[in-house]
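This briefing covers side-chain packing, aromatic pairs and charged contacts. Please look over the sequence and the model before reading on.

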Amino acid sequence: MSTSSNNNNDAIDQPASSVSTDGVQPISSQTTGFTFNHTMLRVKDPVKSLAFYTGVLGMTLLAVKRFPDMGFDLYFLAKLTESERETLPTGDDLEIFAFRQRGILELTHNYGTETKADFSYHDGNQDPQGFGHICFSVPSLDEAVAWFDKNDVEFKKRPEDGSMKNIAFIKDVDGYWIEIVQADLMS
């Protein structure tokens, strides 16, 4: 992986209103059309994970890819707007739609993990640290916290705890951390 300066003569300046700090480079014109599509989490039991992400966080399952010869399945979810849900394509067009979106969550299930009582994945927040969390922005932090309480969601941190106020961290069924923020409380 290169961290050197962008050598593209057709570079696009970062927006004037964006944040600048050491390491930020102009945008290479070669990346026009690139979309950050998804993040993958490995899950022990897809039924429990899908119930959490669809039922508690309101995501929609857009695609399932099964690889029985390799022993795993992939589930692609998105948090859609009401308009997106009403106009969601079907069939092959739905899968194409999924891979054109931003912010998709891919859940990967390796066969057999759901039957191992003591099995768990590393959440990235213990040593050695790596992956930390995903994040959902909510219209009302107070209402989201009440919803999570009603659904017996485990909190890592409530908004009133610690020195970082107005931010909550919940855990999914595999123990992955999910940050919960309200945008207008973040400035």
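Which residues of the largest nonpolar core touch the most other members? They are Y53, L107, F148, I170, I178 and I180, in a core of 27 residues. The model is predicted, so local features need pLDDT of at least 70 and side-chain atom pairs count only at pLDDT 80 or more, while totals for chains, interfaces and linings use all residues. Residues are numbered from 1 along each chain as its sequence is written, and side-chain values use heavy atoms, with hydrogens and water left out.

**Nonpolar cores**

- A nonpolar core is a set of buried Ala, Val, Leu, Ile, Met, Phe, Trp, Tyr and Cys residues joined through side-chain atoms within 4.5 Å.
- Buried means under 20% relative accessible area, exposed means over 50%, and partly exposed lies in between (1.4 Å probe, protein chains only).
- Helices (H or I, at least four residues) and strands (E, at least two) are DSSP runs, numbered from the N terminus.
- Leaving aside residues up to four places away in sequence, I178 touches F52, Y53, L57, H133, I134, F136, A168, F169, I170 and D172; contact means heavy atoms within 4.5 Å.
- Another core, of 11 residues, lies apart from the largest one and includes L62, F76, L80 and I104.

**Aromatic pairs**

- The structure holds 7 aromatic pairs. Rings of Phe, Tyr and Trp (its six-membered ring) pair if their centres lie within 6.5 Å; planes under 30 degrees apart count as stacked, over 60 as edge-to-face and the rest as tilted.
- Why is the pair of F76 and F99 edge-to-face? Its ring planes stand at 65 degrees, with the centres 4.9 Å apart.
- This pair links distant parts of the chain, 23 residues apart: F76 is in strand 3 (residues 72–78), and F99 is in the loop between helix 3 (91–98) and strand 4 (104–110).
- F76 is buried at 3% relative accessible area, whereas F99 is partly exposed at 35%.
- F119 and Y121 also form an edge-to-face pair, 4.8 Å centre to centre with 90 degrees between the planes.
- F119 is partly exposed at 25% relative accessible area, and Y121 is buried at 18%.

**Charged side chains**

- The structure has 4 salt bridges, each defined by a side-chain nitrogen of Lys or Arg within 4 Å of a carboxyl oxygen of Asp or Glu.
- D73 and R66 form one of them, at 2.9 Å from N to O; D73 is buried at 6% relative accessibility, while R66 is exposed at 52%.
- R158 forms a salt bridge with D149, with the closest N and O atoms 2.5 Å apart. R158 is partly exposed at 25% relative accessibility, as is D149 at 33%.
- The charged end of R158 also sits over the ring of F155, 4.1 Å from its centre; this requires NZ of Lys or CZ of Arg within 6 Å of the ring centre and within 35 degrees of the ring normal.
- K171 and E154 form a salt bridge at 3.6 Å, N to O. K171 lies in strand 7 and E154 in the loop between helix 4 and strand 6 (155–157), so the pair ties together parts 17 residues apart in sequence.
- E154 is partly exposed, with a relative accessible area of 47%.
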